[in-house]
Amino acid sequence: MERLQKVIAQAGICSRRKAEELILDGKVKVNGEICDVLGTKVSKQDIIEVNGNMISKEEKVYYIMNKPKGCLCTSSDDKGRKTVLDYMPKNERIFSVGRLDYDTSGVLLLTNDGEFCNHMIHPRYHLEKTYVVNLQGILSEDDIKQLRKGLKTKTEKYQPAKVFVLQKDLTRNRTQFELTISEGKNHQVKNMMLALGHEVRRLHRVKFAFLDVKDLRAGEYRRLKPYEIKQLNRLAMEGENK
Ligand code: URA
């Protein structure tokens, strides 16, 4: 048995807080009867409707993929470009946990659990994502200081990042470094670099929290192990209190 608001959130309809509001507003029915009591426990046999729509009770699935370059993190594309779902089982309604750009590769999680997805990507939960950035230009000491302090631009304020320089190639005017951030704003790494006057040549996410894809070739995926899912949820809960 699970709490009604949790089951609604897990179905990907809304956050747990919003589910509580919907319950209190009388928008949720269990077995045909309005249920406006928070904390009501429901089982797999119960039929739940939210705003008149029955929610699906699919088994929750969790995957990690080594996303190749040249595919989108959307379910379809009107220009016919490849999406990450082209690499995945076809019988599950899964979606990516946040997005990597078309030309970005590396660790990508996929699931059908909306609440898990929200916990993994919302900055409130402080889950770290590490990228190897190949930069056109030399990352200066001042750039590094700004990134570590929390880069500010005219329109954005980024939380402090971790920076570890791997290679500086003065002849070719290139830098390779690791950047760890705990937010997931749109094109965040590229925009941070642009704000510092640099262009990203290549971006690869090497880690999502403690998970990497060293065991997977580009385009390969595997199911997350139960202890990995537990650990991700635990980190998100700890991160919320930071
Ligand atoms: N930041 C970016 O700019 N692009 C990505 O794909 C991921 C993070």
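Mentor: The dialogue below takes pockets, ligand contacts and a sheet in turn. This is a predicted model, in which local features need pLDDT of at least 70, side-chain atom pairs count only at pLDDT 80 or more, and totals for chains, interfaces and linings use all residues. Residues are numbered from 1 along each chain as its sequence is written, and side-chain values use heavy atoms, with hydrogens and water left out.

Trainee: How much space lies in the largest pocket?

Mentor: A pocket is an open set of points, on a 1 Å grid over the protein atoms alone, where a 1.4 Å probe fits, with protein on both sides within 12 Å along at least five of seven lines; lining residues have an atom within 4 Å of a point. Points are joined across faces, edges and corners, and the volume is the space filled by probe spheres set on them. Here the largest pocket holds about 470 Å³. Its lining has 23 residues, with Arg99, Leu100, Lys185, Asn186 and His187 nearest the centre.

Trainee: Which element gives the most to this lining?

Mentor: Strands (E, at least two residues) and helices (H or I, at least four) are DSSP runs numbered from the N terminus. Strand S13 gives the most to the lining of the largest pocket, with three residues. Domain 2 (62-122 + 212-240) and domain 3 (128-208) each supply at least three lining residues, the bounds coming from an automatic or database domain assignment.

Trainee: Which residues are around the ligand?

Mentor: A residue is near a molecule if one of its heavy atoms lies within 4 Å of it. Those around the ligand include Leu100, Asp101, Tyr131, Val189 and Leu203. A polar contact is a pair of N or O atoms within 3.5 Å. An N or O atom in the side chain of Thr104 is 2.9 Å from a ligand oxygen atom. From the backbone, a polar atom of Lys190 lies 3.0 Å from an oxygen atom of the ligand, and an N or O atom of His187 lies 3.2 Å from one.

Trainee: What is the strand order in the open sheet of four strands?

Mentor: Strands of a sheet pair through backbone hydrogen bonds, either parallel or antiparallel. Two strands pair if DSSP finds at least two bridges between them. The order here is S3-S2-S5-S6, with antiparallel pairing. Strands S3 (33-34) and S6 (53-54) are at the edges with a single partner strand each, so one side of each has no neighbour in the sheet. Strand S2 (residues 28-30) pairs with S3 over two bridges, and Lys29 has Ile34 in S3 as its bridge partner.

Terms used. A polar contact is a pair of N or O atoms within 3.5 Å; within protein, one must be able to donate a hydrogen and the other to accept it, and residues adjacent in sequence count only if both atoms are side-chain atoms.
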